[in-house]
Amino acid sequence: MARLHWFLGLSAGIALAGAAPNSIPRAFRFEGTARSELHRLWEESAGSKAEKVACLAGAIESDTVRITGVFPLESGRSDSLGISAAASLETCGPPDWKGTVHTHVALRDGRQPYSLFSGADRGIMMLWWRRWREDGIFCLLYSAQEVICEIEGPRGAVLFPRSRY
């Protein structure tokens, strides 16, 4: 499985490299209050045992993706996950927001977190960049300390290794 993730990341990076002269980001940073806001999002999600979604503010600069802010979305009329895809697409767009973050609090086999973006997640990510026509930043919190993030956009994808937030 680790080889698959490495291969997918390499393939995506190659796809982006061939499509644009800009360098491919290799680092992901959580700055300012973003880290504490992500922890608060996870705590609310774990406490309610429901997925939570938030908009991400940030920038893709040279070789680094910087996350600078988080704006939690309220639950309302939605799908089974609590937040409608339409609400996140409408609210989390440029220029103020560069993508979304959401939580996976359910455990596979009651022990292991779901630490990958689901097919439905990927569908929403695709709708986001098709609508806004620029690279989007997407993160998944799957534990109180762990996150996986990606850039998805018209030129392809860049997958980042799992890390701590």
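Does Thr64 count as buried or exposed, and at what relative accessibility? Select Thr64 and take a look: at 7% relative accessibility, Thr64 counts as buried (buried means under 20% relative accessible area, exposed over 50%, and partly exposed in between, with a 1.4 Å probe and protein chains only).

Before moving on, a word about the model. It is predicted, so local features need pLDDT of at least 70 and side-chain atom pairs count only at pLDDT 80 or more, while totals for chains, interfaces and linings use all residues. Residues are numbered from 1 along each chain as its sequence is written, and side-chain values use heavy atoms, with hydrogens and water left out.

**Stop 1: around Thr64**

Thr64 is found in strand E3 (helices, H or I of at least four residues, and strands, E of at least two, are DSSP runs numbered from the N terminus). Show the side chain of Asp63 as well: a polar contact of 3.0 Å joins it to the side chain of Thr64. Such a contact is a pair of N or O atoms within 3.5 Å; within protein, one must be able to donate a hydrogen and the other to accept it, and residues adjacent in sequence count only if both atoms are side-chain atoms.

**Stop 2: the largest nonpolar core**

Next, select Phe28, Phe30, Ile67, Val101 and Leu141. Of the 22 residues in the largest nonpolar core, these touch the most other members. A nonpolar core is a set of buried Ala, Val, Leu, Ile, Met, Phe, Trp, Tyr and Cys residues joined through side-chain atoms within 4.5 Å. Helix H2 (34–48) gives the most to this core, with four residues. Centre on Ile67: leaving aside neighbours within four places in sequence, its contacts include Phe28, Phe30, Leu56 and Ile137.

**Stop 3: strand E7**

Strand E4 (residues 99–103) pairs with E7 in the parallel sense over five bridges, and Leu140 is the bridge partner of His102. Strand E8 (residues 146–153) pairs with E7 in the antiparallel sense over six bridges, with Ile137 opposite Ile151. Finish at the hairpin, where four residues join E7 to E8.

Notes: Pairing = 2+ DSSP bridges. Contact = heavy atoms within 4.5 Å.
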